[in-house]
Amino acid sequence: MKVVSFNIRSEWNADGINSFIHRIGLIYEKINQEEPEIIGFQEMMDGHLDVMKKLFPKYEFLGCGRNKNLLGEGVYTAYRKDALIPVESKVFWLSDTPEVPESRFDFQRCTRHCIVNLFYHKASEKFLYVYNTHLDHYHLINKDADPKVDSRTKSAKLILKRLDADLSTKKCPAIFMGDFNSRPDAESVKLCKEYGLTDISEGIANTFHKYGTITDNCKIDYMFVTKDLVEIAKPAYIWENTKNGIYLSDHHPIATEIDF
């Protein structure tokens, strides 16, 4: 089973030849070539969703926009309908009031949320939790604030608390992935490891490349797994396809293969 985390990049025409209208052909080719069972998208807009649903009828898209009306930029998890059955789907906002749409922490720049899905894998007859999120891009509103209480750290704590509650009820493997907007030494990443999750994307040096203009180590996208997947999940790798100066996105999607 292939699983991918893919920040698809918001619809900004200012991206020139890498605007979504030019990238979608390459995205179409790559997804049809790989045929992953699960794709966790971040930064998906309403326009993206309309196009993707038409181009990929084999997939169902679960999630919503982060605004109060559940539209706008959002997080969506696509699954291949021939391989998986969705058992549970829910969303919560990264805030002190997670059930309130468009809520956020006081010191958080943008509204952020997390999409949670429990899938039944038909071939193996096993269940799998998939947590997909996009943490805030702005680290601290107050530069003198304690980094252990910044919005990304608080968001990670909230998500891990929810994950722990789900796993205590349903004993099954889990994947926690997405754009963390955090370097590997950040508190939000450390918390995931302290909880007991394994970063199978640890060997990846760079995920955010800004259409090839950033070449230093800028890893901000992650894929964590619970211990029951460590032995059967391959180390994550990147999709780095380009064509005539056009990239899949300004982030390299990260993928793994799980021997379910």
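## Sheets, helices and spaces

In this predicted model, strand E1 (residues 2–7) runs parallel to strand E2 (residues 38–44), and five bridges join the two. Within this pairing, Val-3 has Ile-38 of E2 as its bridge partner. Both strands belong to an open sheet of six strands, whose order is E3-E4-E2-E1-E14-E11 and whose pairing is mixed. At the edges of this sheet stand strand E3 (59–65) and strand E11 (237–238), each of which pairs on one side only. Helix H2 lies across E2, E3 and strand E4 (74–80), and the direction of H2 is at about 145° to that of E2.

H2 also has a helical neighbour. The axes of helix H1 (residues 20–34) and helix H2 (residues 46–55) come within 12 Å and cross at roughly 35°, and the crossing of H1 past H2 is right-handed. On the H1 side the contact is made by Phe-20, Ile-24, Ile-27, Tyr-28 and Ile-31, which meet His-48, Val-51, Met-52 and Leu-55 of H2. Sorted by class, the residues of this contact are eight nonpolar and one polar, with no charged residue.

A further open sheet of six strands, again with mixed pairing, has the order E5-E6-E7-E8-E10-E9. Its edge strands are strand E5 (84–93) and strand E9 (198–199), each pairing on one side only. Inside that order, strand E7 (residues 126–134) and strand E8 (residues 174–179) pair in the parallel sense over six bridges, and the bridge partner of Tyr-131 in E8 is Phe-176. Helix H3 (residues 151–169) packs on this sheet and touches E5, strand E6 (113–121), E7 and E8, while its direction makes about 170° with that of E7. Helix H4 (residues 187–195), in turn, lies across E8, E9 and strand E10 (221–225), and H4 runs at about 10° to E10.

Which residues lie closest to the centre of the largest pocket? The space in this pocket comes to about 230 Å³, and of the 15 residues that line the pocket, Arg-9, Glu-43, His-137, Asn-181 and His-251 are the closest to its centre. The lining as a whole divides into three nonpolar, six polar and six charged residues.

The second largest pocket holds about 170 Å³ of space, and its lining consists of Leu-167, Lys-171, Cys-172, Tyr-195, Gly-196, Leu-197, Thr-226, Lys-227 and Asp-228. Here the division is four nonpolar, two polar and three charged residues.

The largest cavity contains about 30 Å³ of space, and the residues lining it are Arg-66, Glu-73, Gly-74, Val-75, Thr-111, Arg-112, His-113 and His-134. One of these lining residues is nonpolar, four are polar and three are charged.

The table sets out the volumes and the lining classes of these spaces.

| Space | Volume | Lining residues by class |
|---|---|---|
| Largest pocket | about 230 Å³ | three nonpolar, six polar, six charged |
| Second largest pocket | about 170 Å³ | four nonpolar, two polar, three charged |
| Largest cavity | about 30 Å³ | one nonpolar, four polar, three charged |

Technical notes
Residues are numbered from 1 along each chain as its sequence is written. This is a predicted model: local features need pLDDT of at least 70, side-chain atom pairs count only at pLDDT 80 or more; totals for chains, interfaces and linings use all residues. Side-chain values use heavy atoms; hydrogens and water are left out. Axes are lines fitted to C-alpha atoms, for helices over the stretch in contact, and angles run from 0 to 180 degrees between N-to-C directions. Helices (H or I, at least four residues) and strands (E, at least two) are DSSP runs, numbered from the N terminus. A crossing is left-handed if the near helix is turned anticlockwise from the far one by less than a right angle, and right-handed if clockwise. Contact means heavy atoms within 4.5 Å. Ala, Val, Leu, Ile, Met, Phe, Trp, Tyr, Cys and Pro count as nonpolar, Asp, Glu, Lys and Arg as charged, and the others, Gly among them, as polar. On a 1 Å grid over the protein atoms alone, a cavity is a set of points where a 1.4 Å probe fits but cannot get out, and a pocket is an open set with protein on both sides within 12 Å along at least five of seven lines; lining residues have an atom within 4 Å of a point. Grid points are joined across faces, edges and corners, and a volume is the space filled by probe spheres set on the points. Two strands pair if DSSP finds at least two bridges between them.
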